[in-house]
Amino acid sequence: MTTTLPPVNHSGSKTTLPSLRSGRSEKSGRSRTTVSKRQSLGRLAGIEKADVSGYRNSYKHNLSLSILQDGYVSSFIELFELFDKQNEQIKSADSESGDVEVQLLIDQHEKLDFLKTKLIAAEDSRRCGAPDKAYDAYLELAHYFEQFPSDQWLIDHFHGRCMAESNQVDDDGRKQAEANFYIGVALEKRGDLSAAIEFLEKFFTLTTDQDWQNKEGEHLHDNAAIQLYKTYTCLAEEVYEESPPLSIEYLKKAYQMAKEGGNKTEAGMASHRLGNIYEAVGDPQVAKMYHKGYLDRCKRDKDKVGMGKAYEALGRCQTSEGKIEEALESYKEFVNIANDQGNKEVYSQACSSLADLYNMLGDYGHAVEYFEKAAESMETDDQERLQLMNISLAIARSHNTLQSYSLAILHNTPRLTASLVEWKDYRDDGFIMASRPATRADSTVSGSATPTIGKEGGEPACTPTKEQ
């Protein structure tokens, strides 16, 4: 195979060889033309270079880039601190309890968008020297994450940021008071009552002697008192089993807070709870004092339901003290109020309580009467309660019959003996002669005075007379 060489230049002129540089320039020109065409096509499609990068990069990368390009370095740092904080919590949870499935904040784009907006707003406010606006931005973030149960750590974080900003606000401590309130309420919602008390007490102290009001026109100090009343009450219930004296102390504080807040209804309920707990620890005298206070408030408010509860509680205390006549009057008031209410279940309870007291006094006729009313009014599917009521009624009826029966045995006259034999045939609810037609006893004995064995459906009585 032969190679053809270029002809020799005999004239002495230099041969012009193809230039490598010119080849490169031609190739470069073609490349620029291709890029230019691509850019033209991209512009025609409405896509810029930045848009292309946006599609190629992760959401986290684009979000970070956007924040930094706008010049918000503090927001960028705080956002990544949150990412790191969550990762540390996940590692800690994994080491303590094994694998824990948690959705990462970095993968929740809607939340990240809201975070970006409010973090930037807070940073803008700080730059402008408006810490109150920064406080509001962080508070919005805390409230936003309250709708997500798994984001308690974010709620705590932004409440902490609110507290930090509140210290920079010159408003006589109002923002600081509100920050303590929000932290206290958040802790109470998750059940950490002891920690909540600490912040709520600070809120109460900071609002003392201040005329601050919320958007609804409510005084913040009154709100502080009522919130403390509720938290003290919950804490009293929580510690009662372990320490009744400590529970009493918390209820006393709750009672004082209810009065401080000017809520008469809540103050009455606090008084009633104190009475109940003093009953439980065996101090009916002190319990009675608080129950009377509750009754007085209910009378002023014309609260029939509360009055019924108060009279029932007073009846229990008076019975414990041995003041039976006073207890009887209290239970009668309870029955009357329950009857006026038209609530059959409460009326049944009231009649049953009164019947128990009559049973204790040996007044079995009235005991039977009120047990029957209680049984008739009872509306429940609880078989245990129904059986207990039937047993109580049966015992009262037995006692009522036994009284007349025993008297007839003791006097042992021919007429009474005949009545006993006749009663064995009838076996009605009570050994009461007046409730039955004439029997063989009327023809067996004549010319004798008839002893009164009992009254129809009422109290048993026996006034025997001497036989003629």
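Q: How are helices picked out and numbered here, and where does Leu68 sit?
A: Helices are DSSP runs (H or I, at least four residues), numbered from the N terminus, and strands are runs of E of at least two. By that scheme, Leu68 belongs to helix H3, residues 59–69. One thing to keep in mind is that this is a predicted model, where local features need pLDDT of at least 70, side-chain atom pairs count only at pLDDT 80 or more, and totals for chains, interfaces and linings use all residues. Residues are numbered from 1 along each chain as its sequence is written, and side-chain values use heavy atoms, with hydrogens and water left out.

Q: Is Leu68 buried, exposed or partly exposed?
A: Buried means under 20% relative accessible area, exposed means over 50%, and partly exposed is in between (1.4 Å probe, protein chains only). Leu68 has a relative accessible area of 39%, so it is partly exposed.

Q: What does Leu68 make together with Val73 and Ile77?
A: Patches are made of residues with over 30% relative accessible area and no salt bridge; like charges are joined within 9 Å, and nonpolar side chains (Val, Leu, Ile, Met, Phe, Trp, Tyr) within 5 Å. The areas come from the Shrake-Rupley method with a 1.4 Å probe, and for residues only the protein chains shown count as cover. Here, Leu68, Val73 and Ile77 make a nonpolar surface patch of about 240 Å².

Q: Which residues gather in a patch of negative charge?
A: For charge, Lys and Arg count as positive and Asp and Glu as negative, while His and the chain ends are not counted. The place of a charge is NZ of Lys, CZ of Arg, CG of Asp or CD of Glu. On this surface, Asp192, Glu238, Glu241 and Glu242 form the negative patch. Take Glu242: you'll find it in the loop between helix H10 (220–239) and helix H11 (244–260). Glu242 counts as exposed because its relative accessibility is 75%.

Q: How many salt bridges does the structure hold?
A: A salt bridge is a side-chain nitrogen of Lys or Arg within 4 Å of a carboxyl oxygen of Asp or Glu. The structure holds 14 of them. One of these joins the side chains of Arg161 and Glu78, at 3.2 Å from N to O. That pair links distant parts of the chain, with Arg161 in helix H7 (residues 152–166) and Glu78 in helix H4 (residues 73–97), 83 residues apart. Arg161 is partly exposed at 23%, whereas Glu78 is buried at 6%.

Q: Where do Glu178 and Arg174 lie?
A: Both are in helix H8 (residues 174–189), four residues apart, which is about one turn of the helix. Glu178 is buried at 15% relative accessible area, and Arg174 is partly exposed at 24%.

Q: Which residues do salt bridges that share partners join into one network?
A: Start with Lys323 and Glu321, whose side chains meet in a salt bridge of 3.9 Å, N to O. Salt bridges with shared partners join Lys288, Glu321 and Lys323 into one network. Both Lys323, at 35%, and Glu321, at 27%, are partly exposed.

Q: How many disulfides does a search of the whole structure find?
A: A disulfide is a pair of cysteine sulfur atoms within 2.5 Å. The search finds zero. As for individual cysteines, Cys298 is buried at 3%, and Cys317 is buried at 1%.
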